[in-house]
Amino acid sequence: MFKVRDNEPDYAIIPNVEVPEKSQHGTPIQLADENSELFGKSLNINGDAEIGYNPNRYKQHGFHFTADNCIACHACESACSEKNDLPAHISFRSVGYVEGGTYPAYQRMNISMACNHCEDPVCLKGCPTRAYTKYAEYGAVLQDPDICFGCGYCTWVCPYNAPQLDLEKGQVSKCNMCVDRLEVGLKPACASACLGGALDFGIIESKPENRIQAKMEIPGFPTPGITRPNIRFQQTRSLPKEMTRPDTMPIRYTKEEAGQADFKVRVRHKGSESGKIKRGWNFKKLSSREDPLVFFTLISQGVIGAFLLLFLGPMFGLDMLSVESHPVTNKLMLVTLLVLEGFALGISTMHLGKPHRFYRAFNNLRYSPVSREVASLAVFYTMLGGYTVTTIGLFNWLPHGVVSFLSGLFGWLAVISGPVALYAMHKIYRIKARPFWNHWQVLTSFYGTMFTLGALWVGLVFSAVLLYEGSGISELMMPMAWLMVFGLVLEGIGLFFHARYLEKCGNEAAASHWVQRTTFGYTYVVRNIGLGVSLFAALAGAVVCSGEGIAGFSAWLLLGFVIMATMLVGRALFYVLVIPTTMPGAFFWRNTGFQEQARESGLAEMPQVGVLPHEHYQEEALARAAKELKEDLQTIKKQGLVKSLEQLKENMQLVIKNCFS
Amino acid sequence: MLFGRQKKNPVKLPDKGVVEWKYTTCGYCSTGCSIEVGLNADGTPVSCRGSSDADVNRGKLCIKGIFEYELFKSAGRGTVPLVRDKTIDAYKEVSWDHALDRSASEIKRIQETYGRDSFAIVSTGQLLTEEFYTLGKLTRGAIGTNNYDGNTTLCMASAVSGYKRSFGSDGPPGCYDDFEHTECLMAFGSNLPEQHPIIYWRLRQVLEKRSFPVIVVDPRVTMFSQMADMHLAITPGTDVVLLNSLAHVILKEGLEDQAYIKANTSGFDEFSELVAQYDPVSASKICGIDEDTIRNVARLYAKADSAMSIWTMGINQSTHGSDGVVGINSLNLITGNIGVEGGTSLSITGQCNAMGTREWSSCSGLPGYRVLEKEEDRQYIADYWGIDPEFFPKKRGMAQTDIFPAIETGEIKGLWLIATNPMTSMPNTARIRKTLEKLECLIVQDAYQDVETTEYGHIFLPSGLWAEKEGVFTNTERRVNLVNNVIDPPGLAKPDLWIFNQMAKRFDNGQKIRFPETAEGVFKELGELSKGRMLDYSGMTYQMLEEQCGVQWPCTEGAVIGAPRLYTDGKFQYPDGKAKLIPLDFIDNNEKPDDEYPFWLSSGRVVEHFHTRTRTGKVGNQNKFSPTPYMEMNPDAAKALGIEHMSYARLVSRRGDAVVLVQLTQRVAPNTVFIPFHFHDCVNRLTLGLLDPYSRQPAFKQNAVRIEAVEDQDAAAVRNVAARTY
């Protein structure tokens, strides 16, 4: 149990007050009663079996923040980091601010924010490993870093930047509500440390002494509709009509209509203040921590497309693609696709902080889009594998009928699971906290890529063979060109409507679009031209003439390069452009602009700057994997294979059970 | 579990495994918070928390206190004494005996060659009171140089000087408890929420219970300005004009406390004659505060049953800092707001023991608020120490800010710097470099070996810091509080008290005078020397200090508690027992913006850093909030110059240039920029630091600069990184 001092100051003690039955979200504040199986259990904090004596243990608790009073003294952040022993580059709680007005009628509103222990914790639902739990005790959403495999998906879905991905450690950790303090009736360290009379804590909907408001929103805070957060605000001072952020996020908050109380998120046209809007290429900035995903998604989509063509093509008259017509090429291509997809899956795990724990991705099939994507891709991959081994003849010792039945079964299952996997993949990006992604364009892009790359790869491989054989290629390439046209049109339509959506919605999505048109201005234009050129070239190939001989093939090869480059740039843009609905940062802390600068200038080499010197920690991840796997092996050796298998079985059962509970 | 995994691991929370909490007092600012340092089973300090029983901080700590335990393992600590012949050589590790012998022989050589005062000693506000007293004893009694001062000249000298001029003695008359009683609070150039967050919290607690006008005078829209009821955005350097005009209105409208003035002050006629010239209409043209506001504030302040003023560097660090303090004191004298509950003139002090050095270090005189100019004081101390009173000079020597120019001109040849870093803290860095280069011997005594000044040092003496030692600090409200020894200094580093004692042994007088080995032994001398005086320590013991989490002086022998306020009887320290009302002419001598240098440049602090970052720059969880220097600049001004947010800009003054990251904000006026002073090779490359005629404190806050956009941002970034070793 957390040790309480005899003379613990009053301000650190959670008042025991009456609250309404339901929160402002309309949900019960009491999370479990005496009859519940969740009642009367120990949180087992650090293995301590005792049960806390807080009388309101099963009520949802939350923070109350009086924005009028916050002085940005960092005491809350520091008390948190001190208690949780955090390195400088991580913080469970952060104070950022928005400011507005004109000297001396200037106002700054500071916002201290950690985890809001939401009623609808999107982190918990998004996490593929089920590292998150929402407890009946205090309604705390706790995350277990030991379960986490460091995919960072929770950091994508959380609108408040609460989960902290430590790239160095390869895992996420976050605010734990100081449940050890709560168990003995004390407020969390942060609220107890507040020096401005701003941050407080209690049963949700209970207003601290002297406070008159418990609002759900203040400027800079993402709409509570996304997660139903357990934080309430007081903000009574009138604010300037426009508030800006000190970080480099091109966002401002404005009151646009007379009498309107709410601030709207708008793009801040950075650089327009000084008349210097900078358009650039910024190719270097296209590379990010998400690089493995750029390749993983493109390859997976291409592989699925190519397989669909190989399998379905002959049924639609493209005989030259069949095993019968080109057994060697067909089989080689199948094997290549298998290897390619294996490679894609491999690099996707390199996106993890703990690649060797990839199997935990299946833990949350019930809620997590990541789990579903991984599971459906795994099905596709298995089916593709089954189809390939039965097709290339590894099972020819079985009766022919059996083999062909199996091959057909695998093939058709792969035909179904492939596109399903891409649908699941697209769902990953439909995140409310990332409005740039949250559009159907993701789906058209993924399916578009499937058609375009699938047709391109199959077309190029088989036309090369046809050319070698001395046959014409247009019979193959014209339909392939149509498929590419279809894919490119799909992509184009998506992008067209996406751009319209970005401009219209005004919020972080529009800010992403602004970055797209400025920082990546030239890159964006060239990508669009690339798409247009590819489309016209493919259309010309489909309608007019596909070209023949070496010249024709070379033309297709050239187009292939253009398409691949366009796709690569487009997909990289997709990842680097996203602007989450996070809280405003400060001038240095939580300012991506400063972080970039610190990395480039070398300032980040000093650990006390609080910025990790780079974003790529694959080597560390591999070293960690090697070390932990070695430890696993030793454990297995120590406890014996039988027990280990039993454990495995138990875990598998839990995963299955979790799917239905 | 509402949802989550079926089978849960135990909840794992970081546990630092504290087994013991040791009581001590924070070593950063002068708020004087009681801290408990948590030690784990290995005896390693792993945590800090505020003491709940302490009246000052009532269990709270600010960011610096929260992470203070990290200082014990911070980078750059000095662990071995170092010596070198020339500054172009590399330092060599030596024994303490070697380093001390060398130091003593260099001091003696220089004194013998160039005269006793040609060796100067500059200390700090960071040492413990027992160490200050011992250093004073060593300097005044054994080494015998009159050029001895502390870096407090850069922060509190004006307050000291102003108190002395108004009240006949130093000593802040009020306390934090005055917030509980006051009906009007006026803050001059003080940004409590950032500079003294715990004092701000004390004020905040009162404001939660009842409201009274809080008026902040500051050219910058600081956090305190925003939290205030009224913000007076004054033109830099014109506080005296505002103060005179406030007094003008009060006297003109008959709002003064006639009875108090008559009974307890002198000089009223000259005073009222002068302030008569500062009618709000003319004053508003100079200080930039409109006449209605001046009248409004004057009435508010004078009519309040009790009103208090606080101030910090906005007043102290200017060419009329001492005058500003006198003006504030006079405002409170004419309204009868001295020595009453809620009515006071309270300087919010800077360093943890700036008060201790004022009281006991003998920098500006002799220990216990005694002065060199009085024969009786010289005699008394000489007798107590057992030396010839003729060994003392009869007049105070140079202040820190005069010592450096004297090195420049060759008058001073040797310098002993103790826990101060003039390479970063003094105005006009280029001049300081040139100055330090000239020294025949520079002894640097510091806890940190990487303190920038070691670049010019010949001898480095590694000392312990904060709770690696034992002794007392005095805070802003005269509260003496105990620093317990939590762990020992690293390596061969030693407590400063030990170093002074060892040094004393190497001087003739040092062998005559008693130098107690322990801090508590020294503390007893303080009690004896202060018995019956204003700053009476005689009733205090270490045990009492810890039990009460600090005791305010005066605490006479046998007293159970200290006294919260001074001058409650209206008796002041001037021989006639009266406070002086001093007329203050406004002399406009600041370097002001002009066509060539069109911006005001002001420097100041940020909450996460302290002084020259030798400590805070190494604690990641503090440093990360401002890891590199920046400039607050108005976006409208920046637009005209084509300067962007988050870009580097170059500032040029008549002294030099600096390259700094730009933060565009309306917090500052279009013709003003603000740069934190903590960073090496930055704002003090630009500052002029014109001196106050009384306190010799430099005007860090009023300088003129030109600003240029930087074309090659990469080169600017490289230049900035090169200046940061921590």
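Helices (H or I, at least four residues) and strands (E, at least two) are DSSP runs, numbered from the N terminus, and two strands pair if DSSP finds at least two bridges between them. With those terms in hand, I begin with a hairpin in chain B. The structure is a predicted model, in which local features need pLDDT of at least 70, side-chain atom pairs count only at pLDDT 80 or more, and totals for chains, interfaces and linings use all residues. Residues are numbered from 1 along each chain as its sequence is written, while chains are lettered from A and ligands numbered from 1 in the order in which they are written.

The hairpin is formed by β17(B) and β18(B), with four residues between them. In its turn, B:R478 has a positive phi of about 65°. The two strands, β17 at residues 471-474 and β18 at residues 479-483, run antiparallel and are joined by four bridges. Within this pairing, B:V472 stands opposite B:L482.

The assignment, which is automatic or from a database, gives domain 1 (18-73), domain 2 (82-155 + 355-465 + 488-517), domain 3 (157-347) and domain 4 (599-722). The C-alpha centres of domains 1 and 4 of chain B lie 31 Å apart. Seven residues of domain 1 of chain B are in contact with eight of domain 4 of chain B, where contact requires C-beta atoms, placed from the backbone, within 7 Å. The domain 1 side of this contact has five nonpolar, no polar and two charged residues. Here Ala, Val, Leu, Ile, Met, Phe, Trp, Tyr, Cys and Pro count as nonpolar, Asp, Glu, Lys and Arg as charged, and the others, Gly among them, as polar.

Chain B also contains an open sheet of five strands in the order β10-β9-β8-β12-β13, with parallel pairing. Its edge strands are β10 (230-232) and β13 (344-347), each pairing on one side only. From one strand to the next, the twist averages 15°. Four bridges join β8 (residues 184-188) to β9 (residues 214-217) of chain B, and B:F188 stands opposite B:V217. Helix α13 (residues 291-303) of chain B lies across β8, β9, β10 and β12, running at about 130° to β8(B); axes are lines fitted to C-alpha atoms, for helices over the stretch in contact, and angles run from 0 to 180 degrees between N-to-C directions.

What do the two chains share? In the interface, 75 residues of chain A are in contact with 73 residues of chain B. Helix α1(A) gives the most to the chain A side, with five residues. That side divides into 34 nonpolar, 27 polar and 14 charged residues.

Finally, within chain A, the centres of domain 2 and domain 3, taken over C-alpha atoms, are separated by 39 Å. Their contact takes nine residues from domain 2 of chain A and eight from domain 3 of chain A. Strand β12 (residues 264-267) of chain A gives the most to the domain 2 side, with four residues. The domain 2 side comprises six nonpolar, one polar and two charged residues.

Technical notes:
Two residues are in contact if their C-beta atoms, placed from the backbone, lie within 7 Å. A residue is buried if 20 or more other C-beta atoms lie within 10 Å of its own, exposed if 12 or fewer, and partly exposed in between; C-beta atoms are placed from the backbone.
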